[in-house]
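Subject: Structure handover

Hello,

Here is the structure we talked about passing on.

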Amino acid sequence: MQEPVEKQTSALSKIALLAGAGVAAGALVAGIALPAVGGAGFGLISASNEMNLAPEELVEPPPAEVTVVEDSKGKPIARFYEQYREVVGLEAIAPIMKTAIISIEDYRFYEHGPIDIEGTIRALARNLQAGGVAQGGSSITQQYVKQVLLNAADTEAAKNKALEASYARKLKELRYAMAVEKKYTKDEILAKYLNIAYFGASAYGVEAAAKRFFGVRADQLTLPQAATLAGAVQDPNATDPNLGRKQREKLLKRRNVVLDRMAELGKISKDDAVKAKATKLGYRGTGLPGGCESSKYPYFCIYVRNEILKNPDFGKKAADRLKFLNRGGLTIKTTIDSDMQAAAEKAIKKRVHASDNPVAAEALVQPGTGAIKAMAASKPYGGDTDKHELAYNPVADAAHGGLTGFQAGSTFKTFTLITALSKGMKISDGFNVGAGYTAAGYSTFKNCAGGTAGDPSHTVTNDEGSPGWRTLQTGTWGSVNTFFMTLEQHVGLCEVVKTAKSLGIHRSDGAKLQEYETFTLGTNEMDPVTVANAYAAIGARGKYCAPMAISQITDRDGKVTTYKPKCRQALDPEVADATADVLSGVLTKGTMRGVGGIGRDAAGKTGTTDGYASAWFAGFTPDLAGAVSIGDPRGSQTHKLVGVTIGGNYYGSVVGASISGPIWKDTMLVALKDVPPTKFTPINTSRFGGCGQSCQPAPPPDENDRGPDNNDDWKNDNGDRGGWGNHGRENDTGGNGRGPFG
């Protein structure tokens, strides 16, 4: 309840009288109200000019609280915090806990004003006898003030000032305490104190301490448990039970002191005290809720964390964003779908083991929103290589915890196809191409800076060689390198780069896209989120939406901020329709025909780099898009996917349809199980010609397309490996086109 004004005035007069009472035992009696902490004796203060006892408003920044991250259904998946604290109301704290803390810290709490004059005089007497500070005289209100000042300190210097042993600090605390007692009721002050106090074992506030120490909520605390926590606040570091046996013994002794004090004050019976003292300490050391390392979805968690830490929307400075995340007490609702995540994890686990050197990674993105629905990988997150853990995010770019990624191979041919359709080509238009492609001169290709990008000294080839007529359809279905080099020359390198950028394509390492002639063969390193999101835009009829992981944030005060998709029309919808129509044939007539479709409208593109350094598949429906990569994180160029055992199966060489494609298919079948199928919008045949891929005959078999050989390696007439030329890198380009292995 609120302290009467008369009582506060009486307290002030007592302090003033004490301040001017003269010298006692070599010190001003004014010191009895403010004993020096850690000093030798008492300092001299002037009652007239230093004891400004007018109340001073205390700035009370909210204490650091745990931020909870939830999935799309509201289930917690991770927690971030600087201090593990969960603020609760006084009604959510067991009455015995309130009794215990008041008994040992400030038994006249409900009777005195901002300071306890009687307690202060008693402390003075003890201090004079001891020749120093043997007993403090701070009330719970003063202790709350000190904790607020400490909590607000954001530098070591500020923290030291909040704890310095000086009368100036004690006087300032007193002035603040006077204002606090005017502003709040006693119950409100007690609740604030119990929520801000540190109890040891990295637990801040009574709710976190109850869970950490005993695995219960604060409203479930028993007498011995409450006495333990009440005893811990005096010197939480010395009695921290998490530090070892000696600290636990000190805490046990301190608990018993509290129980004796409660009995002495008549708050409990002596028999209750005896019984409680006979119990064991009972410290459980319940694990602290961890960050991403303990999350069920660590890679998505890393993405969310980096999204906040690097996005100016959440704070102008990096320090502000870190404070917002770790101290804000936020509830962050995300886009991840637990069922779709489970589908991706199961599909990966079926074909790639955590113990395998190569790592498979998959991202699922919702067309039309950019919402990331799943991020999965074959290796767990962490720093223990013996447990086959990865210390980075293999599903995302460097800005979201990833590294360099893997070259995306022929998944990039889709951007050349889109550019051709945008420029008016029909799906039956094509070129007569040879077994090899060589630029006519250095100026054959121009990058977006106007520089030359052609390399007449390098020849791009198809694996087995397949000269002949290829159209936008058949060239795409077979993923023919020489066809796409010719097509890129025809539509312009820079135009293809612009198309890719319009769909959010950027290098995983954050560097500038490399605009060489082999751009269409996928020479740039990518991550699954970026590639999946680009393909999602095709599924959304050309509507590109930036990748989105956070849908809503609720702050500690209950204010809700909803985040909407950031979208724009990147492609002509009819161009997107025609692209989807052509790419649909990849699953039924092209490089994925050995894997097959998913029983609903779907499209996609395989991708294998030269020398089998990495392998991809990116595919989409109008409802969901996904991209799967596989490569060796030890270095894809030095550890290629040739003669390797993955998931218990031996592969002579790994292509896009070997592992990545089947993972995508299995994921989609389960992830979309309860989602009504949406059909692609039919191609505008008057604009793009033909009648769509559904009525096109499959390309005639090539003499090299002879099925599995002794190495279980399917041969195809349209291998799609390209080359870097003389650009200072090993040849590592192109898609694939050889069908499934093994």
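The notes below cover aromatic pairs, charges over rings, and salt bridges. Please keep in mind that this is a predicted model.

Aromatic pairs

A pair of aromatic rings is described by the distance of the centres and the angle of the planes. The count for this structure is 17 aromatic pairs. One of them joins Phe213 and Phe214, a tilted pair with 5.9 Å centre to centre and 55° between the planes. Phe213 and Phe214 are both buried.

Another pair is made by Phe415 and Tyr535: the planes stand at 65° and the centres are 6.5 Å apart, so this one is edge-to-face. Because Phe415 belongs to helix H15 (residues 413-422) and Tyr535 to helix H19 (residues 528-539), the contact ties together parts that are 120 residues apart in sequence. Phe415 is buried, at 2% relative accessibility, and Tyr535 is buried at 0%. Both residues also belong to one aromatic cluster, made up of Phe412, Phe415, Phe519, Tyr535, Phe620 and Phe680.

Charges over rings

Lys186 has its charged end over the ring of Phe109, 4.5 Å from the ring centre. Lys589 is placed over the ring of Trp477 in this way, with its charged end 5.7 Å from the centre.

Salt bridges

Side chains of opposite charge can pair when their charged atoms come close. There are 27 salt bridges in the structure. Three of them are described here.

- Arg175 and Glu56 meet at 3.5 Å, N to O. Arg175 is in helix H6 (residues 167-183) and Glu56 is in the loop between strand E2 (27-28) and strand E3 (67-70), so the bridge ties together parts 119 residues apart in sequence. Arg175 is buried, with a relative accessible area of 12%, whereas Glu56 is partly exposed at 28%.

- Arg556 and Glu65 meet at 2.7 Å, N to O. This pair links distant parts of the chain, 491 residues apart: Arg556 is in the loop between strand E18 (550-554) and strand E19 (560-562), and Glu65 is in the loop between E2 and E3. Arg556 is partly exposed, at 26% relative accessible area, while Glu65 is buried at 14%.

- Arg351 and Asp666 have their closest N and O atoms 2.4 Å apart. Arg351 lies in helix H14 (residues 338-351) and Asp666 in helix H21 (residues 660-671), so parts 315 residues apart in sequence are tied together. Asp666 counts as buried, at 18% relative accessibility.

Through shared partners, salt bridges also join Glu56, Lys172 and Arg175 into one network.

Regards

Key: Residues are numbered from 1 along each chain as its sequence is written. This is a predicted model: local features need pLDDT of at least 70, side-chain atom pairs count only at pLDDT 80 or more; totals for chains, interfaces and linings use all residues. Side-chain values use heavy atoms; hydrogens and water are left out. Rings of Phe, Tyr and Trp (its six-membered ring) pair if their centres lie within 6.5 Å; planes under 30 degrees apart count as stacked, over 60 as edge-to-face and the rest as tilted. Buried means under 20% relative accessible area, exposed over 50%, partly exposed in between (1.4 Å probe, protein chains only). Helices (H or I, at least four residues) and strands (E, at least two) are DSSP runs, numbered from the N terminus. A charge sits over a ring if NZ of Lys or CZ of Arg is within 6 Å of the ring centre and within 35 degrees of the ring normal. A salt bridge is a side-chain nitrogen of Lys or Arg within 4 Å of a carboxyl oxygen of Asp or Glu.
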